[in-house]
There are 2 protein chains.
Amino acid sequence: MKVLIVHAHHEPKSFCSALYRQAVQTLSEAGHEVAVSDLYSEGFDPVSDRRNFSSVLDAGYLKQQEEERHASEVKGFAPVLEAEIRKLESCDLLIFNFPLWWFSLPAILKGWVDRAFPMGRVYGDGKIYENGLGRARKRALIIMTVGGRQESYSEYGVNPPLSSVLAPIHHGIFWFNGFLPLDPFLVLGACADFGGGA
Amino acid sequence: MKVLIVHAHHEPKSFCSALYRQAVQTLSEAGHEVAVSDLYSEGFDPVSDRRNFSSVLDAGYLKQQEEERHASEVKGFAPVLEAEIRKLESCDLLIFNFPLWWFSLPAILKGWVDRAFPMGRVYGDGKIYENGLGRARKRALIIMTVGGRQESYSEYGVNPPLSSVLAPIHHGIFWFNGFLPLDPFLVLGACADFGGGA
């Protein structure tokens, strides 16, 4: 199986980064082909705009999705982004490995999503949900560390419940593109229990 | 009243950017003091790590929240970030003006949140929710453009409902910091109806 692990933590010594390395090792030893996007160590730029493209459809008005559609037709994605899109296209299992920051993805990972799922190439024109890139056969998994403890993220906790945090990612990013979400692997109390940042 | 509008669209001619300019004009003409963070035009860097700080607590292990707490004590935030934090601290009304990208904030705005709400300075040690920065007296508002039409984002629509998109932002970013969320100003079908990108 081809696996793509997209990792988004700035500290290699963190528990989150240890989970990432463990996932790479375990999946590789099990015989899977593992590709990685270690966004912080690679200095990935998460800002989405004309830098996504080597092609130009309309130099006077940036309509993101129209430029994406055009770039899909003329092979006009910037090389750094083309490499990410290819990894995404070829994987059977997509893993997001990240710490919960402000009840969502860290910006560097959100920007990977903003940039690496272009209309035309990855979705659109009927290529969506069960007919999306994953065609309901590819899988996607969240591995997430959370600084706080379980009780503050439950349905009765003071914070937004983790279900509300995960739902838009599972539904709107994974399943929208035809990736079936697997049950997430969550580590709560990572700061408190492991002596490091989440 | 002091208003801070954080705007996150890369195309000045877009409907979203027009909403931003209209908000600045209307609030200014009504006598309010309006500060802005126009993230794309300012080239804001949304990646959060040691670049947030001029100070260093532990050079060998980046624990984000501990570095934030330390920087809060020694005035150790990078100048560009210090300016954003001051705008946030002084506003009575915080407005996020953005297009919905992948059922969440564009990365450039998520990164503004990741970086401009540091522990110690903005929240923590009891400074949270009704005791947070806004102390339940400040307000916050989402102005959001959405490319798709209403029906696809309803509770029965194919996409994640907009309520599930807004809840973690309202609860986990605004209210977590003591800002009472106002009813959002949403424009759906922005692409279809206004001839431009959302």
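Predicted model: local features only at pLDDT ≥ 70, side-chain atom pairs only at ≥ 80, totals over all residues.
## The nonpolar core

The largest nonpolar core has 94 residues. Those with the most contacts inside this core are Leu94(A), Phe96(A) and Trp112(A), along with Leu94(B), Phe96(B) and Trp112(B). In soluble globular proteins, nonpolar side chains tend to be buried together.

Phe96(B) shows what such a position looks like in detail. Setting aside residues up to four places away in sequence, Phe96(B) touches Val6(B), Leu105(B), Leu109(B), Trp112(B), Val113(B), Leu141(B), Ile142(B), Ile143(B), Ile173(B) and Phe174(B).

## Where the chains meet

How many residues of chain A are in contact with chain B? There are 46 of them, and they meet 46 residues of chain B. About 3600 Å² is buried between the two chains, and carbon and sulfur atoms give 63% of this area. In chain A, the residues that lose the most area to chain B are Tyr61(A), Trp102(A) and Lys110(A); together they make up 20% of what that side buries.

The count of salt bridges between chain A and chain B is 0, while 22 residue pairs are in polar contact across the interface. On the chain A side, the elements that give two or more residues are helix 2 (64–74), helix 4 (107–116) and helix 5 (162–174). Helix 4 of chain A gives the most, with 6 residues.

Asn177(A) also has a neighbour in the other chain. Asn177(A) is in the loop between helix 5 and strand 5 (179–181) of chain A, and it counts as buried because its relative accessibility is 0%. Apart from neighbours within four places in sequence, Asn177(A) is in contact with Phe117(A), Val122(A), Tyr123(A), Tyr129(A), Gly132(A), Leu133(A), Gly134(A) and, from chain B, Trp102(B).

## Helix 4 of chain B

Helix 4 of chain B covers residues 79–90, which is 12 residues. At 1.5 Å a residue it should span 16 Å, and its end C-alpha atoms are 17 Å apart, so the two values agree. The buried residues of this helix are Leu81(B), Glu82(B), Glu84(B), Ile85(B), Lys87(B) and Leu88(B).

Two of these residues pair with each other. Lys87(B) forms a salt bridge with Glu84(B), with the closest N and O atoms 3.3 Å apart. The two are separated by about one helical turn, because they are 3 residues apart in helix 4 of chain B. An α-helix has 3.6 residues a turn, so residues three or four places apart point the same way. Both Lys87(B) and Glu84(B) are buried.

## Buried and exposed residues

Ser37(A) sits in strand 2 (residues 33–38) of chain A and is buried, with a relative accessible area of 0%. The side chains of Ser37(A) and Lys87(A) are joined by a polar contact of 2.8 Å. Beyond its neighbours within four places in sequence, the contacts of Ser37(A) include Leu4(A), His7(A), Glu84(A) and Trp112(A).

Is Glu73(A) buried or exposed? Glu73(A), in helix 2 of chain A, counts as exposed because its relative accessibility is 60%. Its C-alpha atom is separated by 9.9 Å from that of Ser55(A), 18 residues apart along the chain.

Two residues other than glycine have a positive phi. Asp125(A) has a phi of about 55°; this residue is in the loop between helix 4 and strand 4 (138–146) of chain A and is exposed at 67% relative accessibility. The phi of Ala136(B) is near 60°. Ala136(B) lies in the loop between helix 5 (107–116) and strand 4 (138–146) of chain B, and at 27% relative accessibility it counts as partly exposed.

## Salt bridges

Over all chains, the structure holds 18 salt bridges. Side chains of opposite charge can pair when their charged atoms come close. Arg51(B) is partly exposed, at 39% relative accessible area, and Asp45(B) is partly exposed at 29%.

Arg69(B) forms a salt bridge with Asp125(B), with a closest N to O distance of 2.9 Å. This pair links distant parts of the chain, 56 residues apart: Arg69(B) is in helix 3 (residues 64–74) of chain B, and Asp125(B) is in the loop between helix 5 and strand 4. Arg69(B) is partly exposed at 24% relative accessibility, whereas Asp125(B) is exposed at 66%.

Note on methods: Residues numbered from 1 in each chain as written. Chains lettered and ligands numbered in written order. Heavy atoms only, no water. Core = buried A, V, L, I, M, F, W, Y, C linked by side-chain atoms within 4.5 Å. Buried < 20%, exposed > 50% of the residue type's maximum accessible area, 1.4 Å probe, protein only. Contact = heavy atoms within 4.5 Å. Helix = DSSP H or I, 4+ residues; strand = E, 2+ residues; numbered from the N terminus. Expected span 1.5 Å × (residues − 1). Buried area = accessible area lost by both parts, 1.4 Å probe. Salt bridge = Lys/Arg side-chain N within 4 Å of Asp/Glu carboxyl O. Polar contact = N/O pair within 3.5 Å; in protein donor to acceptor, adjacent residues only side chain to side chain.
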